[in-house]
Amino acid sequence: MSLLKKNNTAKIHARRRPQIVSWGLLLAALGMMVYGAKRGEVQVLFTKAIYICMECIGLG
């Protein structure tokens, strides 16, 4: 009986490990986006997007 409990516990922990990694990566990505926004990168991104669109249309 105890061997069965050990195997079930190991399976539960093995399933939770990818969830922990996924949540960690999500939090890291959100942190990096906030850091970039505070540095003013959003304005740079939109400026580059506008220039690219103008070049594609042929106005720039």
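I started at Glu 41, which is partly exposed with a relative accessible area of 35% (buried means under 20%, exposed over 50%, partly exposed in between, with a 1.4 Å probe and protein chains only). This is a predicted model, where local features need pLDDT of at least 70, side-chain atom pairs count only at pLDDT 80 or more, and totals for chains, interfaces and linings use all residues. Residues are numbered from 1 along each chain as its sequence is written, and side-chain values use heavy atoms, leaving out hydrogens and water.

Next I looked up the partner of Glu 41: its side chain meets that of Arg 39 in a salt bridge at 3.6 Å, N to O (a side-chain nitrogen of Lys or Arg within 4 Å of a carboxyl oxygen of Asp or Glu). Arg 39 counts as exposed, at 53% relative accessibility. I searched the whole structure and found one salt bridge.

Then I turned to secondary structure, and noted two helices and zero strands (DSSP runs numbered from the N terminus, helices being H or I of at least four residues and strands E of at least two). I checked helix H2, residues 41-57: its 17 residues should span 24 Å at 1.5 Å a residue, and its end C-alpha atoms are 24 Å apart, which agrees (the expected span is 1.5 Å times one less than the number of residues). Just after H2, I saw that Gly 58 takes a positive phi of about 100°.

Last, I visited helix H1, residues 2-38, where Leu 26 lies. Leu 26 is partly exposed, at 41% relative accessible area. For the protein chain of 60 residues, I noted that 2% count as buried.
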